[in-house]
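Got your viewer open and the model loaded? Let's take a walk through it, one selection at a time.

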Amino acid sequence: MSEKEERPIVVKRRARSAHGHHGGAWKIAYADFMTAMMAFFLLMWLLSSATSKELTGIAEYFRTPLMVALTGGRNAADNSGVIPGGGTDTTRTDGQQSRGDQVRSRQAMSAELAERAEAHRLRELKSRIEKAIESNPTLKQFRKQLLIDVTTEGLRIQIVDDQNRPMFANASAQVQPYMRDILREIGKSLNDVPNRISLSGHTDATAYAQGDKSYSNWELSADRANASRRELIAGGLDGEKVLRVVGLASTVPLDRDNAYNPINRRISIIVLNRRAEQSVKQEADQPTIDAANARGAGSDAVNAVINGELPAPPAPPAAPGAAMR
């Protein structure tokens with residue numbers, strides 16, 4: 001056997017390895033890249049279409065410190081110009097609201113909600129007073145002389161006169177017993193709301209025989225309103241709740257067609273809403289007389305009567321020929 005034939009034959013086999021699968025990671029990266037490019041082109045398009053005022057507003061927004069943004073404090077965007085307090089609002093265009101406008105808008109909304117809640121309380125008070133009248137046999141018989149409604153000033157309770165059942169003695173401020181019961185019963189209910197009270201006295205057009213020389217319907221209506229105030233307080237009303245007591249004589253008749261109608265003789269009690277109360281207070285904040293120069297022998301006594309510290313002087317007896325009013 002030859003040497004060539006004796007050499008063994010060696011066969012080498014190599015294992016074949018398949019190429020690894022790359023997966024979809026490249027697709028996610030490509031999608032992120034396309035999204036970023038889309039956002040970039042949208043940003044460039046928006047910036048190219050924005051006005052210079054809008055760009056200024058955007059720049060001021062990104063200059064707001066983090067603490068100011070979290071706490072809602074004052075920042076550069078609050079300024080309407082380079083110097084605080086001056087210039088025009090460069091960050092505002094038509095249809096946009098500045099921060100000041102947004103604050104005022106929220107305040108107006110809060111005021112509106114407060115007015116609605118107050119109106120609801122006044123309607124509830126009206127319902128309670130009406131139920132108290134119906135459940136009280138003494139007051140129920142005088143129901144026709146009680147007019148209760150809600151006006152722009154608040155809840156109005158009017159006690160009107162009747163030809164056969166007058167509220168006061170003839171031509172005086174002396175309260176009749178049934179009128180006293182009505183006022184004291186109402187006084188118990190008016191403390192249920194925080195609103196202040198306004199009282200006004202009214203007469204018909206019948207004049208005194210002596211005219212306006214000494215005592216007229218003006219004094220009579222004011223005295224009757226103040227007498228009603230005292231009865232309300234006697235019934236439990238907190239005296240601090242009374243904001244105004246006035247006499248209007250026959251200037252505001254309930255029956256405008258007949259100035260001599262007995263229903264024009266009435267006492268009007270208004271539970272003032274907040275807006276009407278502020279209006280009355282603003283009148284007091286704008287005096288027309290310098291109090292420092294208003295001096296006189298009887299000024300202290302007059303002020304004491306006005307403030308309710310002293311009782312008002314009694315009305316003079318009815319003049320001869322004075323009609324029932």
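Select Arg-143 and Glu-134 to begin: their side chains meet in a salt bridge, 3.7 Å from N to O (a side-chain nitrogen of Lys or Arg within 4 Å of a carboxyl oxygen of Asp or Glu). Arg-143 is partly exposed at 24% relative accessible area, and Glu-134 is partly exposed at 41%. For these labels, buried is under 20% relative accessible area, exposed is over 50% and partly exposed lies in between, with a 1.4 Å probe and protein chains only.

A word on ground rules: this is a predicted model, where local features need pLDDT of at least 70 and side-chain atom pairs count only at pLDDT 80 or more, while totals for chains, interfaces and linings use all residues. Residues are numbered from 1 along each chain as its sequence is written, and side-chain values use heavy atoms, leaving out hydrogens and water.

Next, pick Asp-161 and Arg-265, whose side chains form a salt bridge at 3.1 Å, N to O. Asp-161 sits in the loop between strand S2 (154-160) and H7, and Arg-265 in the loop between strands S4 (242-247) and S5 (266-272), so the pair ties together parts 104 residues apart in sequence. Helices here are DSSP runs of H or I with at least four residues, strands are E runs of at least two, and both are numbered from the N terminus. Buried or exposed, Asp-161 and Arg-265? Both are buried.

Now jump to Asp-192 and Arg-128, another salt bridge, with the closest N and O atoms 3.5 Å apart. Asp-192 is in the loop between H7 and strand S3 (197-202), Arg-128 is in helix H5 (residues 99-135), and 64 residues separate them. The whole structure has twelve salt bridges.

Colour H7 (residues 177-189) next.

Last stop: the largest nonpolar core, with 30 residues (buried Ala, Val, Leu, Ile, Met, Phe, Trp, Tyr and Cys joined through side-chain atoms within 4.5 Å). H7 gives the largest share, five residues. Click Ile-159, among those with the most contacts inside the core. Leaving aside neighbours within four places in sequence, Ile-159 is in contact (heavy atoms within 4.5 Å) with residues including Met-179, Ile-182, Arg-265 and Ile-269.
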